[in-house]
Amino acid sequence: MRQLFELCGENRDVRFSPYCWRARLALKHKGLEFDSVPITFLEKQPLENASSKTVPVLNDDGTWVKESFDIACYLDDTYADKPLFGSADARAQGVVLNDWLNRTLLLGLFPMIVADIHRHLDAKNAAYFRDTREKFLGCTLEDAQGTRAERLAPFRKSLSPLRAGLRANDYLSGDAPAWLDYAAFGTFMWVHLASDFEPLEADDPLYDWRERMFDLFDGYGRGMPRAV
Ligand SMILES: N[C@@H](CCC(=O)N[C@@H](CS)C(=O)NCC(=O)O)C(=O)O
């Protein structure tokens, strides 16, 4: 039995966590079947098996793995076919890229969609989300999202390393998608599922790349239930 514990909203079919999408797409890349187990922010009890307070958590037939990056490494170590990293060097570079993605892409988007995410949670989870995220942001969710217009241009500029990666290749990982593509696209899936905000301009090479990513696995990402 293979289970992926993932964050859901009030509509339990909506799986909007960027980190969970990274794990989900890593499993799809490997061609591994899994059952998605939706949990809300406050339903942490199943995560105790992995000593985790965050999702994603993978239960691979009794082997519990937490942390999206570690799940990708575990999958490569356990299922050698269709590597996500391809080499020890790529995995080591992945540590650096993971940190960059989290700080620049994910945290760049977060204030611009945070009030939209809040709207899709039930009352108890919404209160938890507001409390924890307002402490983190140092302002209300609405004030943070209210800065969207001034944040957008510098955010788009900050994505130039990703654009550079697409100058010679269709995917960030080269000719075909691999871990870096899933980690970046998983973050865009979060926006797509939780908000109607469009962070990319139509003539941005990243826009076309995101379309290619939407098309993968028979349009898997495109077909997902959205909260909006
Ligand atoms: N470093 C972790 C981060 C995971 C994470 O922060 N997940 C969020 C959902 S997007 C979570 O579970 N938050 C729990 C909470 O806020 O209580 C990873 O890469 O898996």
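Select glycine 186 and look at what surrounds it. Leaving aside neighbours within four places in sequence, glycine 186 is in contact with Pro18, Trp21, Arg22 and Leu25. Keep in mind as you go that you are looking at a predicted model.

## Stop 1: around glycine 186

Which helix holds glycine 186? Colour by secondary structure and you will find glycine 186 in helix H8. Is glycine 186 buried or exposed? With 26 other C-beta atoms within 10 Å, glycine 186 is buried, since 20 or more count as buried. For a sense of scale, draw a distance from glycine 186 to aspartate 81: their C-alpha atoms are separated by 22 Å, and the two residues are 105 residues apart along the chain.

Now extend the selection to the whole of H8. This helix has 16 residues and reaches 23 Å from its first C-alpha to its last, close to the 22 Å expected at 1.5 Å a residue. H8 is largely enclosed by the rest of the structure, because 16 of its 16 residues are buried.

## Stop 2: helix H1, alongside H8

Next, select residues 18-30, which make up helix H1. Its 13 residues should span 18 Å at 1.5 Å a residue, and the end C-alpha atoms are 19 Å apart, which agrees. H1 is largely enclosed too: 11 of its 13 residues are buried. Among them are Tyr19, Cys20, Ala23 and Leu27.

Show H1 and H8 together. Two packed helices are described by the angle between their axes and the distance between the axes. Here the axes come within 8 Å and cross at roughly 135°, so H1 and H8 are oblique to each other. The crossing is right-handed.

From H1, the residues taking part are Pro18, Trp21, Arg22, Leu25, Ala26 and His29. Their partners in H8 include Trp179, Tyr182, Phe185, Gly186, Met189 and Trp190. H8 is one of several elements around H1: the buried residues of H1 also pack against strand E1 (2-7), strand E3, helix H2 (68-78) and helix H3.

Before leaving, click on glycine 31. This residue follows H1, and its phi is positive, near 75°.

## Stop 3: a cis peptide bond at proline 56

Move to valine 55 and proline 56 and zoom in on the backbone between them. What kind of peptide bond joins valine 55 and proline 56? The bond is cis, with omega about 10°.

Proline 56 is in the loop between strand E2 (35-39) and strand E3 (57-60). Although proline 56 sits in a loop, it is buried, with 29 other C-beta atoms within 10 Å. Which residues are its contacts beyond four places in sequence? They are Leu4, Phe5, Glu6, Tyr19, Cys20, Ala23, Ser68 and Ile71. Another distance to draw runs from proline 56 to valine 37, 19 residues apart along the chain, whose C-alpha atoms are separated by 10.0 Å.

## Stop 4: helices H3 and H4

Select residues 88-119 for H3 and residues 123-137 for H4. The two pack at an angle of about 165°, with their axes 10 Å apart. That angle makes H3 roughly antiparallel to H4, and their crossing is left-handed.

To see the meeting place, show Pro111, Val114 and His118 in H3. Across from them in H4 are Ala126, Phe129, Arg130, Arg133 and Leu137.

## Stop 5

Finish with residues 205-219, helix H9. Its 15 residues should span 21 Å, and the end C-alpha atoms are 19 Å apart, which agrees.

Which residues of H9 are buried? Highlight Leu206, Trp209, Arg210 and Met213. They cover an arc of only 105° around the axis, which puts them on the same side of H9. An α-helix has 3.6 residues a turn, so residues three or four places apart point the same way. The buried residues of H9 pack against helix H7 (160-165) and helix H8 (179-194).

Phenylalanine 217 has phi near 50° and counts as partly exposed, with 15 C-beta neighbours inside 10 Å. Aspartate 218 has phi of about 60° and is exposed, with 7 other C-beta atoms within 10 Å.

Definitions and conventions:
Residues numbered from 1 in each chain as written. Predicted model: local features only at pLDDT ≥ 70, side-chain atom pairs only at ≥ 80, totals over all residues. Helix = DSSP H or I, 4+ residues; strand = E, 2+ residues; numbered from the N terminus. Buried ≥ 20, exposed ≤ 12 C-beta atoms within 10 Å, placed from the backbone. Contact = placed C-beta atoms within 7 Å. Expected span 1.5 Å × (residues − 1). Arc of directions from axis to C-beta. Axes fitted to C-alpha atoms, helices over the stretch in contact; angles between N-to-C directions. Parallel < 35°, antiparallel > 145°, perpendicular 65-115°, else oblique. Left-handed = near helix turned anticlockwise from the far one by under 90°.
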